[in-house]
Amino acid sequence: MKKKLIAMNKKMKKKYIIGLSIGAGALVLIIATLLIVFRHVHTFGEWEKIRDASCTQQGVERRFCDCGEMQEKKYDKLPHVESDWIYDKEKDNLKKICTSCGKNLQFNSLENHTHNWSDYVTKTEPTCTSEGMDIRTCNCGAIDEKIISAKDHSFDEWKITLESKCGVEGTESRTCLICNEIESKSISALSHIEGAWVVIDGKKAYPCVYCKTVLRTEEIDASEYLDISNDTVIGLGSCEDIEIVIPSNFNNQSITKIGENSFEYQVITGVILTNSITEIGNSAFSKCLELTNIHLGNNLTSIGQKAFYNCKSLTSITLPDTLKTLSDYSFAYCTNLEYIKIGNEITKLPMYVFSDCTSLKEIHFNGTKEQWNNLEKDNDWDKNTGDYIVYCIDGEIIK
Ligand SMILES: [Zn+2]
Ligand SMILES: [Zn+2]
Ligand SMILES: [Zn+2]
Ligand SMILES: [Zn+2]
Ligand SMILES: [Zn+2]
C-alpha cells in the first residue's frame, strides 16, 4: 500500500513538472510576440545645420530621435578662395592668400625683378581731418601706397554769435571753408561800467552803461548858500558845489522857479531840480560849458529862452512829461547833445529850440507818430542838426 502511494506521488510530480514547463514556454512566447509587435522605431526630426562647410572645416548636419539617437551628415570642405597678388612693401614680394581663411596659397619672391613704377595717382583725397592716399603700381602686381597727411582746416574770420553781456559770456565762431566744420569759443563776460548818475526815487543812482543795473546810490543833499529870493533861485551865491541841488524850500517858502540868468557862465557840472520847480527862466543855465548832467524834476512846465543855450558838454537831456513850454533857443548850440527825451504835453517846438545841436541822433517822443507830425513846429526849430530819428510809441520817423 505504501509503495502504491509513493508510485502515485511520483506520477503526480512528473505531471506537475510537465505542466510547469509548458506554462513557462507560453510566457516566453507571449513576451517575444509582444516585443515583435511593439518594437521601437526611431522617428527623426528635421536635419539641423551645425555648421556650413568652409575651406577649413567640413559642413555638418544632424538630426535626432526623441530616444536620443542621432544621425549625422557631413559635407566636403570648400576650396580656398584665391586673392589677387598682394604686395608686401617691406619684404618686396608678392603672395596670394585665401580671402576666406587667410592661408598663404602662392608666393612670388620677385627675385631678378626690378619694379617699373607708374606715376602716383590719387586713391583717396585727404580731408581736413583724415589722411588721403596716393598709389603707384608695377606691372608685376606690386602696389606702392603713400599716405598724404590731412589738410589743416581753413577757417574764415571769427564772428560773434552771441554778444557777451555784463556777467554773461558770449560766443564767437568760425567755419572751415573746406569742410564747414564750426569752431566756437567763448568771449569773456563784460564787467559793469558805471555811467553818469540819474535820479531815481529821490536818490542819485549810478547805472551800468551797458545793462542799466544800478550799481550804487547816493543821498542827495540840497546845496547851501545859493542866492534865493522868495520862491526863486536867482544865483549861485557863495555856494561852492559844482553839482547844484536846488532845495525844495527856503525860509519855509516852496521854491518854484529858477530865475533868469541865475547860473549863466557858471562852472557847474550837474543840476538837480526838486519836484517843486515848475519854471526855468531865460538864460538860466546859458553857457554853462561844463554842464553834463541835468535832472529836471517831475513838475517842470516851462523852460525859458536860451535856458540851456550853448551847454556844449550836455550829451543827453530828459524833459519831464509835465513840460508844456519850450522857448526860442532853449537848447540851441548844445553841440554834443545826442539824446532828447520829450513828453507829449509839449505844445510846440519854437524857433531854433534845438538849432545847431549838430550831434543830435535820437529824439524819444512819448506820443504817436501822428501826434509828432501834428505838433506845431516853428521854422528852423531843428536848424543844423544831425540826421536824427524820432522814436515814437508806434514807430520811428527819420528826419
Ligand atoms: Zn529612437
Ligand atoms: Zn581658405
Ligand atoms: Zn614689379
Ligand atoms: Zn575743414
Ligand atoms: Zn552792466
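Strand 13 (198-200), strand 24 (293-295), strand 26 (316-318) and strand 27 (339-342) each contribute at least two residues to the lining of the largest pocket, strands here being DSSP runs of E of at least two residues, numbered from the N terminus. This is a predicted model, in which local features need pLDDT of at least 70 and side-chain atom pairs count only at pLDDT 80 or more, while totals for chains, interfaces and linings use all residues. Residues are numbered from 1 along each chain as its sequence is written, chains are lettered from A and ligands numbered from 1 in the order in which they are written, and side-chain values use heavy atoms, with hydrogens and water left out.

A pocket is an open set of points on a 1 Å grid over the protein atoms alone, where a 1.4 Å probe fits, with protein on both sides within 12 Å along at least five of seven lines, and its lining residues have an atom within 4 Å of a point. The volume is the space filled by probe spheres set on the points, which are joined across faces, edges and corners. In the lining classes, Ala, Val, Leu, Ile, Met, Phe, Trp, Tyr, Cys and Pro are nonpolar, Asp, Glu, Lys and Arg charged, and the others, Gly among them, polar.

| Pocket | Volume | Lining by class |
|---|---|---|
| Largest pocket | about 720 Å³ | 14 nonpolar, ten polar, three charged residues |
| Second largest pocket | about 250 Å³ | nine nonpolar, six polar, two charged residues |

Of the 17 residues lining the second largest pocket, Val199, Gly202, Ile220, Leu273 and Thr274 are the closest to its centre.

Cysteine 166 counts as buried because its relative accessibility is 13%, and cysteine 208 is buried at a relative accessible area of 0%, where buried means under 20% relative accessible area (1.4 Å probe, protein chains only).

Elsewhere, strand 8 (residues 132-137) pairs in the antiparallel sense with strand 7 (residues 121-124) over three bridges, pairing being called if DSSP finds at least two bridges between two strands. Strand 8 also pairs with strand 9 (residues 143-148), in the antiparallel sense, over six bridges.

Definitions and conventions. Helix = DSSP H or I, 4+ residues; strand = E, 2+ residues; numbered from the N terminus. Buried < 20%, exposed > 50% of the residue type's maximum accessible area, 1.4 Å probe, protein only.
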